[in-house]
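Hi everyone, thanks for coming. Let me put the model up on the screen, and then we can walk through it together.

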Amino acid sequence: MSYKLILFGPPGAGKGTQAALISKEYGLRHISTGDIFRKHMKDQTDLGKEILDYMNKGLLVPDELTIKIALNEIKDLNGFILDGFPRTIEQVKALEQNSSVDAAFYIGVSEDTAIKRLCGRKTCSNKTCNEVYHMVDRKPKLENICDKCNSSLYQRSDDNEETVKTRLKEYNTKTAPLLNHYMHKNKLLMIMKKQ
Ligand code: ADP
Ligand code: ZN
């Protein structure tokens, strides 16, 4: 049985971590638009250059670009977990014109916790590992080195307090309306974690 799932929620809620677990458990392709965009920035592609400013400021990448990238990823797939797409009602509509969705998971977190988590976050640079650390709550044994695979750790350029606040604002104004949308479609599943 294959599922088409969506995962959304504010930055810092743990979308990436949960999506990786669900993807493994159900054998679904994990598609993160944030990861795809970061890869383009790293490789300095035309798209990477176009989105740099939005990403570094914590603003959403324009719908037109995002929709093209996301729809291209899911075409021909029978099952997937979309991590961070759709994030606007425009994106929801584009997705609905192209694919069915079985369920939309919402993961919540308080703004204070989101800021604390993201500002101390460091991630393993080895893409097949992707282990996440925290400079206060979950330090690696050796500074800046992954305990699991010995690769170096990196901090995302948008994980600083000012940018995180912009990302939260973008979430509240543009993405939060998805809660109502998927609730009315009877597809909403809410995961509220202990803070
Ligand atoms: P987070 O949810 O923690 O902010 P992501 O890695 O999912 O982190 O996204 C990082 C950035 O990538 C966002 O701030 C935004 O600039 C861009 N992005 C990712 N997905 C989308 C999307 N669906 N629509 C617009 N921008 C997106
Ligand atoms: Zn690692």
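Before I go on, some housekeeping. This is a predicted model, in which local features need pLDDT of at least 70 and side-chain atom pairs count only at pLDDT 80 or more, while totals for chains, interfaces and linings use all residues. Residues are numbered from 1 along each chain as its sequence is written, chains are lettered from A and ligands numbered from 1 in the order in which they are written, and side-chain values use heavy atoms, with hydrogens and water left out.

Now the overall picture. The protein chain has 8 helices and 8 strands; these are DSSP runs numbered from the N terminus, with helices being H or I of at least four residues and strands being E of at least two. Its radius of gyration is 16 Å, close to the 16 Å that the globule rule gives for 195 residues, so the chain is as compact as a globular protein of that length. That radius is taken over C-alpha atoms, and the rule is 2.2 Å times the number of residues to the power 0.38. Along the principal axes, the C-alpha atoms fill a box of roughly 45 × 40 × 30 Å. Buried residues make up 45% of the 195, where buried means under 20% relative accessible area, exposed means over 50%, and partly exposed is in between, with a 1.4 Å probe and protein chains only.

Next, the zinc ion, ligand 2. Which residues hold it? Its protein donors are C124, C129, C146 and C149, each through SG, at 2.3 to 2.4 Å. A donor here is an N, O or S atom within 2.8 Å of the metal (3.2 Å for Na, K and Ca), and as water is not among the atoms, sites may look incomplete. The 4 donor atoms subtend angles of 96 to 114° around the zinc ion, which makes the arrangement tetrahedral; for four donors, that label asks for all angles between 85 and 135 degrees. For reference, the ideal angle for four tetrahedral donors is 109.5 degrees. In sequence, the spacing of the donor residues reads C-x4-C-x16-C-x2-C. Distant parts of the chain are linked here: C129 is in the loop between β5 (121–124) and β6 (132–134), and C146, 17 residues away, is in the loop between β6 and β7 (153–154). C146 is also buried, at 1% relative accessible area.

The strands in this region make an open sheet of 3, in the order β6-β5-β7, with antiparallel pairing. β6 and β7 are at the edges with a single partner strand each, so one side of each has no neighbour in the sheet. Strands pair if DSSP finds at least two bridges between them, and β5 and β7 have 2.

Let's move to β4, residues 103–108. Is this strand buried or exposed? It is mostly covered, with 6 of its 6 residues buried. A103, F105 and I107 are on one side, A104, Y106 and G108 on the other, and both faces are covered. β4 runs parallel to β1 (residues 4–8), joined by 4 bridges, with I6 partnered by A104. It also pairs in the parallel sense with β8 (residues 188–192), over 5 bridges, and there G108 stands opposite M192.

On to aromatics: the whole structure has 3 aromatic pairs. One of them is Y3 with Y26, edge-to-face, 5.7 Å centre to centre and 90° between the planes. Rings of Phe, Tyr and Trp (its six-membered ring) pair if their centres lie within 6.5 Å; planes under 30 degrees apart are stacked, over 60 edge-to-face, and the rest tilted. Y3 lies in the segment before β1 and Y26 in helix α1 (residues 15–26), so the pair ties together parts 23 residues apart in sequence. Elsewhere, ring pairs link F8, Y106 and Y182 into a cluster.

Last, some backbone details. The peptide bond from F85 to P86 is cis, with omega near -5°, and P86 is in the loop between β3 (80–83) and α5 (89–98). Q44, not a glycine, has a positive phi near 50°. N186 has a positive phi too, about 65°, and is exposed at 73% relative accessibility.

Key. Four donors count as tetrahedral if all angles lie between 85 and 135 degrees; four count as square planar and six as octahedral if opposite donors are over 155 degrees apart and all others between 65 and 115; anything else is irregular.
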